[in-house]
Amino acid sequence: MAKVYAFLAEGSEEVENLAVLDVLVRAGIEVKLVSITGKKEVVTSHNVHIVTDALIEEVDLKSADVLFIPGGLPGTTNMLNHPGLCQGLKDAFAEGRRVAAICAAPSVLGQLGLLEGKNATCYPGFEDKLIGAKYTKTGVVTDGNVTTARGLGYALDLGLELVALLDSREKAAQIKAAIQYDQF
């Protein structure tokens, strides 16, 4: 079974994270919500308090098939400033495991050098931080082992894309039908 680690920092956008996770869980994919803050309770960008499953220090980042980071401010900045997460993202990318980011968070991947020569998308205003990427306004973009999404409005699409990549397009279509979503 595929395993996804989804990260939260103080100021992360909660719905971008939880909508993606909801779709993955419905598909039977193992998901662990991981805090990079040193404490399990994280306060998100809209002052929602979320209790994560684990701290980053408690998980083996190499055991996940996908490392996923949501946007939100200052969450995106906090993720970029976390050396352990950044090294984990670089390692996953180098090993051919998937890295995924939405909204402002693809800027973290760009600043880490993971988007060189890749097609990628992000929230408008962060394009200059997609260093080395070919920017596209597409809602969700997968190029190799990198998947990026433009923003909250594409969170379900991102979840379905990850289901398609980790399981199958058929499974993604089943989830889409079950949640009554007509867009993906």
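A word on terms first: the axes I shall quote are lines fitted to C-alpha atoms, for helices over the stretch in contact, and the angles run from 0 to 180 degrees between N-to-C directions. Please also bear in mind that this is a predicted model.

With that in place, consider helix H5, residues 155–166, and helix H6, residues 169–178: they pack at an angle of about 145°, and their axes are 7 Å apart. The crossing of H5 and H6 is right-handed. On the H5 side, the contact is made by Leu160, Glu161, Val163 and Ala164, while H6 contributes Arg169, Lys171, Ala172, Ile175 and Lys176. Sorted by class, this contact has five nonpolar and four charged residues, and no polar ones.

Beyond its neighbours within four places in sequence, Ser35 is in contact with several residues, among them Leu8, Val42, Thr52 and Ile56.

Finally, the cysteines. How many disulfides does the structure hold? The number is zero. For Cys86, the nearest cysteine sulfur is that of Cys122, 17 Å away. For Cys122, the nearest is that of Cys103, at 8.5 Å. Cys86 counts as buried at 7% relative accessibility, and Cys122 likewise counts as buried, at 0%.

Key. Residues numbered from 1 in each chain as written. Predicted model: local features only at pLDDT ≥ 70, side-chain atom pairs only at ≥ 80, totals over all residues. Heavy atoms only, no water. Disulfide = S-S within 2.5 Å. Buried < 20%, exposed > 50% of the residue type's maximum accessible area, 1.4 Å probe, protein only. Helix = DSSP H or I, 4+ residues; strand = E, 2+ residues; numbered from the N terminus. Left-handed = near helix turned anticlockwise from the far one by under 90°. Contact = heavy atoms within 4.5 Å. Nonpolar A, V, L, I, M, F, W, Y, C, P; charged D, E, K, R; others polar.
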